[in-house]
Amino acid sequence: MMDGIAGRIAERIRHGGPISVAAFMTEAMFDPREGFYATRNPIGAGEDFITAPAVSQMFGELIGLWCGQVWMDMGRPAAFHLVELGPGTGQMMSDVIRAGRAVPGFMAAAQFHLIEASPALKMVQGRTLTPMGVEIGWLDRIEDIPPGPAILLGNEFLDCLPVRQAIKQKGQWHERLIGLDETGEAFRFVMGPRLGTEAELVPERLREAPDGTLVELRPGDQQVVDHLARRFADQPGHALFIDYGPAHSEAGDTFQAIRQHQKADPLEAPGTADLTARVDFEQLAHFARQGGLAVTGPAPQGDWLRAMGLEVRAAALIGQAPELKTRIARQVMRLCEPDQMGELFKVMAISAQGLPKPPGFTGDG
Ligand code: SAH
């Protein structure tokens with residue numbers, strides 16, 4: 001017998017037929033009673049997964065310096081919104097604030113907002129950030145950010161926005177859905193109807209792919225970018241996204257589950273593992289350019305952090321506490337080495353037109 005979230009999803013499928021991967025992800029992650037994020041903090045060495053802010057304070061500090069620079073480049077607006085999407089434990093924002101204090105005028109101008117769907121993580125964020133002594137508010141949706149110049153940040157936010165999947169059959173894209181197997185006691189993938197207008201979400205590079213190709217559609221990225229396009233049409237601002245995924249659209253199933261640092265079957269025991277899919281940075285840039293926005297990057301995370309001064313910051317920290325030398329060197333490697341987070345993770349800025357190119361991007365992007 002399936003119970004809890006699995007039982008409710010199974011019930012929904014019995015009544016209404018197979019559901020999209022996106023609907024499955026939403027139920028598994030944000031079910032208000034038992035969803036993976038809704039009820040607990042999964043981020044940390046003893047939990048389910050680790051993210052860059054938990055690896056090292058330097059990550060958030062360099063992002064804080066980045067914010068300071070783009071704020072100066074916007075002409076130091078006397079008031080602006082500094083927004084983090086999906087702040088997890090609040091660690092990155094606390095490091096951003098510490099670095100922001102080094103930029104004269106920055107903290108007085110910044111109005112801090114966190115956009116977080118999980119009640120449990122909101123509590124953790126409150127605990128992390130209260131000692132910073134800065135006024136911070138929570139918003140439910142990106143649309144709720146008040147008007148004005150803005151800097152938005154999202155680390156490993158886009159990867160957990162629900163994705164849809166489609167497979168090409170006889171030259172047409174059909175949605176890959178999740179249904180029940182013969183026993184009615186386990187989930188399995190099934191082929192669904194032909195895609196309608198959603199076929200527009202198929203990445204350009206993959207449209208002519210042969211029969212049998214699986215592609216992922218990211219309606220959530222499109223929604224986020226649509227909001228940025230409306231906002232940045234007449235108000236200055238930047239959004240910085242850091243996430244894992246390829247620089248160019250790739251076919252294939254990247255829908256994955258991580259439980260206690262191990263890969264797991266994404267269809268098994270929904271609500272007990274983190275479900276994500278790779279971000280398609282080419283498609284993200286395409287949505288942004290279509291919306292009239294300026295795109296910088298993607299740059300590999302390691303290159304971006306080095307360009308932002310990671311090694312200088314590491315040397316300064318080691319100077320203050322030589323006994324931490326080995327630990328800090330290990331953090332730099334974890335964030336930057338190509339076989340760790342340095343290459344798979346990318347950094348991309350999406351900005352209002354007409355602003356100086358944001359720092360950290362050394363290539364032509
Ligand atoms: N940025 C953090 C956490 C990454 S995990 C870090 O790097 O450690 C993803 C975060 O996004 C969690 O805080 C999760 O609850 C939040 N989240 C996911 N989907 C969301 C949505 N649609 N709206 C708001 N927050 C969301």
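How many nonpolar, polar and charged residues does the lining of the second largest pocket have? That lining has eight nonpolar, five polar and eight charged residues. Here Ala, Val, Leu, Ile, Met, Phe, Trp, Tyr, Cys and Pro count as nonpolar, Asp, Glu, Lys and Arg as charged, and the others, Gly among them, as polar.

This is a predicted model, in which local features need pLDDT of at least 70, side-chain atom pairs count only at pLDDT 80 or more, and totals for chains, interfaces and linings use all residues. Residues are numbered from 1 along each chain as its sequence is written, and side-chain values use heavy atoms, with hydrogens and water left out.

**The ligand**

- Thr 51 places a polar side-chain atom 2.5 Å from a ligand oxygen atom. A polar contact is a pair of N or O atoms within 3.5 Å; within protein, one must be able to donate a hydrogen and the other to accept it, and residues adjacent in sequence count only if both atoms are side-chain atoms.
- Gly 86 uses its backbone: an N or O atom there lies 2.7 Å from a nitrogen atom of the ligand.
- In Asn 155, a side-chain N or O atom is 2.7 Å from an oxygen atom of the ligand.
- On its own the ligand has 570 Å² of accessible area, and the protein covers 91% of that. Accessible areas come from the Shrake-Rupley method with a 1.4 Å probe; for residues, only the protein chains shown count as cover.

**The largest pocket**

- The ligand sits in this pocket. That requires more than half of its atoms to lie within 2 Å of the grid points.
- On a 1 Å grid over the protein atoms alone, a pocket is an open set with protein on both sides within 12 Å along at least five of seven lines, a cavity is a set of points where a 1.4 Å probe fits but cannot get out, and lining residues have an atom within 4 Å of a point.
- The volume of the largest pocket is about 920 Å³. Grid points are joined across faces, edges and corners, and a volume is the space filled by probe spheres set on the points.
- The pocket is lined by 42 residues, and Phe 30, Gly 86, Phe 157, Cys 160 and Leu 161 are the closest to its centre.
- The lining divides into 21 nonpolar, 13 polar and eight charged residues.

**The second largest pocket**

- This pocket has a volume of about 630 Å³.
- Of its 21 lining residues, Tyr 244, Gln 256, Ile 258, Leu 344 and Phe 345 are the closest to the centre.

**The cavity**

- The whole structure has one cavity of 30 Å³ or more.
- The largest cavity has a volume of about 40 Å³.
- Its lining residues include Ala 28, Arg 259, Asp 265 and Glu 268.

**Backbone details**

- The peptide bond from Gly 297 to Pro 298 is cis, with omega near 10°.
- His 261 has a positive phi, near 70°, and is a residue other than glycine.
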